[in-house]
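Welcome to my notebook. I opened this structure and jotted down what I looked up, step by step.

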Amino acid sequence: MRKTVRSLCSTALALTLGLTLLSGPASVQAAGNADYNLTGFSQGNTGGGMISESSTAVYKKVYNATDLALALKKNSGVKVVEIMNDLDLGWNEIPSTAQASPFAKHNDALTHPVLKQTGVSKITVDGFNGLTIFSANGSKIKHASITVKRSSNVIIRNLEFDELWEWDESTKGDYDKNDWDYITLEDSSGIWIDHCTFNKAYDGLVDSKKGTSGVTISWSTFKGDDGSSNSWVTRQINELEANKASYPMYNHLRSSAVGLSKEDIIAIAGSQKKGHLVGATSLESTNANLSITLHHNVYKDIQDRMPRLRGGNAHAYNIIMDATDARAAQARISNAMAAAIASKGYKFGITSNGAISTENGAVLVEKSVIKDVQYPVRNNQTDPTNATYTGKISVADTIYSLDGSSFRGSSDTAGSPLAPVPAAIKPFSWNGFSSLPYSYQADDPSTLNARLTASNGAGAGKVNWSKDNWLKTSY
């Protein structure tokens, strides 16, 4: 049985804050969508509560960067932020009225022609207890990285994040100069990210660190670039192609020494390098507090970290990891090409990892689909001979396919391709409890593709219902 979350509409809170409570039944569509109830480690998260938009002191409609800056300023008292339209939030494209806390200038763009003009901003959501940020129409946020720190009971729903990647010449393809993640969670508890879409980013998509606990990411889509004629990656490669002499790494890839075509590079660069890093610092004491649930998410051409956990607990169920296009792109690089790339100290290729548990973390992946990921289950990323760096990871009733061969089973099935590598396997157990502290209902993995890619499936802008439903946590 799925656990029913009680109403988060608190009369006492409303009287204290002078709020107007929403009333009346949910829409017809919402009433039939108990599958969208908040569950997982973030269960009980209150968000900003059920607040009427007429309560303008605490319900803010955001149309531009200045509106957003006022709403998210520390101690603003705002409980609900409704994003009304797409927002371009690069440091050079926001007005001076917004160029102050919670906004800050982020690392300068070096190669992407758009970001070099717009700049990149960092938005810090600091010290909030009870906040919902949502869009009723799947609005897009571009050119900005959001950090949620020292906060609790935060909900982010129905938003798309885009245009935060550029080609990396400065670290020769390591992608460790610009700390551009769409969302980073720090020293926080009770975070629900739901029905969001995350496009290709320079670094991670959603990372969680400094002991952040009670995180659920649900019904969301994470994806690489599609390589179309005007895509974000294509626009970047067009810039490099027109100025090869200014970009030594790109020039080497295009030279006869390697022999990659422009089209090859677009295809290989299209997939996203990193998904979720949970626990940023190795062996940090607060890693034991980490907890995250991933469910009903689609990871399309994500190369790594779905998730990568250091300590703590992670539960992934009913997720799709589909790296089909990324694997096909990797085949464009021959062994001779790879050697020629490495000879100059460059890194250009595709990693192919799925879920990773390290440093005694506990990861359970169940009733999911993993397609064309070479190393779907890993348990050590540092030193396979040192058990300190090995995590616990188990897979249950999951469909795995690679290059046309298919398997359905668990990590402990005889001959299973889902058995953890590369270290000696640690018996699975949760950290701090014997069973999950929440109830949930998992779908048969054979239904996931149709369900999560349907018109009302995973991602922003997929569910069409009245805006008050985005403030609810149960239906």
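**First look**

I started with the elements and found 10 helices and 29 strands in the protein chain. I kept in mind that this is a predicted model.

**Confidence**

I checked the pLDDT next: the chain averages 93, and 93% of the residues score at least 70. I then noted that residues 1-31 have a pLDDT below 50, and that this stretch still has 50 contacts in the model beyond near neighbours in sequence.

**Overall form**

The C-alpha atoms fill a box of roughly 70 × 55 × 40 Å along the principal axes. Buried residues make up 57% of the chain. Among contacts with a separation of 6 or more, 72% link residues 24 or more positions apart.

**Surface and charges**

I read an accessible surface of about 18000 Å², with 48% of it belonging to carbon and sulfur atoms. The mean positions of the 46 positive and 45 negative charges lie 3 Å apart.

**Backbone details**

I found a cis peptide bond from S101 to P102, with omega near 15 degrees; P102 sits in the loop between β3 and β4. Another cis bond joins M306 and P307, with omega about 0 degrees, and P307 is in the loop between β19 and β20.

Is W219 buried or exposed? I looked: W219 is buried, because its relative accessible area is 2%, under the 20% cut-off. W219 has a positive phi of about 45 degrees although it is not a glycine. D187 has a positive phi of about 50 degrees, and at 46% relative accessibility D187 counts as partly exposed.

Note on methods: Residues are numbered from 1 along each chain as its sequence is written. This is a predicted model: local features need pLDDT of at least 70, side-chain atom pairs count only at pLDDT 80 or more; totals for chains, interfaces and linings use all residues. Side-chain values use heavy atoms; hydrogens and water are left out. Helices (H or I, at least four residues) and strands (E, at least two) are DSSP runs, numbered from the N terminus. Buried means under 20% relative accessible area, exposed over 50%, partly exposed in between (1.4 Å probe, protein chains only). Contact means heavy atoms within 4.5 Å. Accessible areas come from the Shrake-Rupley method with a 1.4 Å probe; for residues, only the protein chains shown count as cover. Lys and Arg count as positive and Asp and Glu as negative; His and the chain ends are not counted. The place of a charge is taken as NZ of Lys, CZ of Arg, CG of Asp or CD of Glu. pLDDT is the predictor's confidence in each residue, from 0 to 100.
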